[in-house]
Amino acid sequence: MSDLSDLYQEVILDHNRRPRNFRALPGASHTAEGYNPLCGDRLTLYLKVANDTIEDVSFEGAGCAISKASASMMTDELKGRTIAEADALFARFHRMVTTPPDQQVEDMGKLSSLAGVREFPVRVKCASLAWHTLKAAFKNTARTSTE
Amino acid sequence: MSATAPVLDLKRVRADFPILQREVRGRPLVYLDNAATSQKPAAVLDAIDRYYRTTNANVHRGVHELSERATEAYEGARERIRRFFNAASTREIVFTRNATEGINLLAFAFARPRLKPGDEVLISAMEHHSNIVPWQLACEATGAVLKVAPIDDRGELMLDAFEALLSPKTRLVAITWMSNALGTITPVRDIVRLAHARGIPVMLDASQAAYHMRIDVQALDCDFLVATGHKLYAPTGIGIFYGKEAHLEAMPPFMGGGDMIASVSFSCSTWNVLPYKFEAGTPHIEGAIGLHAALDYIDGIGFDAIGTHERDLLQYATRQVESLDGVRIVGTAREKASIVSFVMDGVHPHDIGTIVDREGVAIRTGHHCAQPVMERFGIPATARASIAMYNSREDIDALGLALRKAREVFA
């Protein structure tokens with residue numbers, strides 16, 4: 001049985017206390033709302049994409065430490081990446097948090113701190129919320145750019 | 001209280017609930033999620049086991065010995081429920097799956113045929129989703145309008161505003177007796193009096209209230225009442241719908257099928273008598289039998305003793321939770337029971353839930369199927385500890401310690 005400190009690692013607590021890129025993004029080309037009806041966690045993700053590159057990304061909302069830290073770290077990781085790179089990152093992250101806890105997962109740097117959710121099945125959704133919102137944002141047409 | 005006030009023998013009660021002997025995460029189980037569902041005493045488990053070992057058959061059908069015994073047991077449960085709620089007749093007691101099904105029965109068989117465009121259904125701002133959505137669907141289908149009586153900052157129903165919302169167009173009042181998210185007990189006598197003064201029928205959702213206090217539907221004079229077995233220490237899948245006989249007689253069936261008919265032909269079918277008109281298909285026989293045993297168990301302890309014990313624990317838990325830094329209780333009604341809903345600065349309820357679970361303490365976190373209540377208080381969710389008769393001061397102490405741990409993790 002894993003310890004609580006595996007879930008609430010210092011890096012996660014830090015991102016929960018001081019979430020990075022926690023703001024609205026005027027002029028965003030892509031936005032999406034993420035919602036976890038089970039717990040009421042809600043976040044809005046903003047992306048500014050130009051020439052297929054994520055120039056800026058931010059989020060707002062209310063959620064638990066895991067979902068907030070995950071969104072915070074994700075936005076840090078996405079800046080400067082192409083959409084294809086972001087898609088690949090999504091796939092790696094998704095694999096990491098859905099691999100059974102007794103199996104090895106690849107090192108994803110800071111994001112690896114979220115691998116601890118595998119011991120807490122109901123919390124996997126919390127860690128994934130921002131990432132699924134990212135997927136949804138890419139599917140949305142560029143709303144704000146046309147307004 | 002006088003010296004003769006009934007006292008709950010906690011040691012004995014705890015011994016009656018086998019699950020309380022188990023450990024969770026290496027610690028004795030501390031179960032404080034009773035508003036979601038309660039644990040079951042051995043008497044209930046034994047009654048169900050005995051039924052399947054000795055009696056199992058379908059009801060209302062066969063002429064053989066087992067079917068007669070099963071029918072007797074099933075109808076015996078109905079009579080036990082009638083007595084528990086002091087209904088005038090077993091014709092007024094309909095078995096459902098749960099309270100939600102009871103509310104849907106009312107919405108489909110009572111409200112929808114009566115509602116016309118512009119008519120109103122009045123609920124409160126502290127309803128469970130199960131007492132909101134069926135009315136939204138009914139209003140959508142008929143053009144009626146859903147009205148919502150407000151609650152104040154304590155989580156109490158604002159009775160003046162409620163009264164002001166009773167209009168000549170109000171066709172039904174459907175209100176909870178006790179809020180699952182806040183613990184508030186609503187002024188049901190006033191609600192019934194005010195509505196009846198205008199000829200408006202009242203349904204009460206007693207899902208939470210029924211396992212904390214004595215309910216007498218005749219004394220209260222409510223028109224309808226719903227409750228669910230699994231919060232009354234009985235199995236899941238068995239619910240109770242009470243309706244005054246005159247109302248039930250005037251209502252069409254809810255679901256069609258076997259058992260609810262008197263005769264069937266392709267040109268025309270006729271309905272069975274009450275309450276069978278509302279019970280289509282093979283019912284949850286073991287559930288009814290388990291519920292019978294659960295009500296015997298509750299009455300064996302007695303609501304006086306249960307109430308005294310639970311009130312003591314609620315006060316004790318309220319003090320414990322209040323004493324923590326940065327913790328605020330949501331729902332501070334003067335009349336409340338058995339529920340402490342709270343938020344902690346800087347710690348999301350979900351994180352609280354996970355941390356206290358590691359200490360063997362089960363609480364609920366989230367919106368409690370009452371999102372409008374969360375919205376009213378401007379929060380996404382709460383952590384909720386809810387008390388039943390078998391909880392102890394030690395359980396509350398364990399919760400207090402676990403919450404301090406959550407505070408430490410997020411310090």
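The model is predicted, and accordingly local features need pLDDT of at least 70, side-chain atom pairs count only at pLDDT 80 or more, and totals for chains, interfaces and linings use all residues. Residues are numbered from 1 along each chain as its sequence is written, while chains are lettered from A and ligands numbered from 1 in the order in which they are written.

Chain A contains an open sheet of three strands in the order β1-β2-β3, with antiparallel pairing; strands (E, at least two residues) and helices (H or I, at least four) are DSSP runs numbered from the N terminus, and two strands pair if DSSP finds at least two bridges between them. The edge strands, each pairing on one side only, are β1 (30-36) and β3 (53-62) of chain A. From one strand to the next, the twist averages 15 degrees. Nine bridges join the antiparallel strands β2(A) and β3(A), and A:Y46 has A:S58 in β3(A) as its bridge partner. Helix α3 (residues 65-78) of chain A lies across β2 and β3 of chain A and runs at about 165 degrees to β3(A). Such angles run from 0 to 180 degrees between N-to-C directions, with axes fitted to C-alpha atoms, for helices over the stretch in contact.

Chain B comprises 14 helices and 17 strands. Its radius of gyration, taken over C-alpha atoms, is 22 Å, close to the 22 Å given by the globule rule (2.2 Å times the number of residues to the power 0.38) for 411 residues, so chain B is as compact as a globular protein of that length. Buried residues (20 or more other C-beta atoms within 10 Å of their own, with C-beta atoms placed from the backbone) make up 50% of the 411 residues in chain B.

An automatic or database domain assignment divides chain B into domain 1 (10-40 + 302-409) and domain 2 (46-299). The contact between them takes 25 residues from domain 1 of chain B and 27 residues from domain 2 of chain B, two residues being in contact if their C-beta atoms, placed from the backbone, lie within 7 Å. On the domain 1 side, α11 (303-322), β14 (339-344) and α13 (371-376) of chain B each supply at least two residues.

Between the chains, 17 residues of chain A are in contact with 14 residues of chain B. On the chain A side, α1 (4-7) and β2 (41-50) each supply at least two residues.

Notes. A residue is buried if 20 or more other C-beta atoms lie within 10 Å of its own, exposed if 12 or fewer, and partly exposed in between; C-beta atoms are placed from the backbone.
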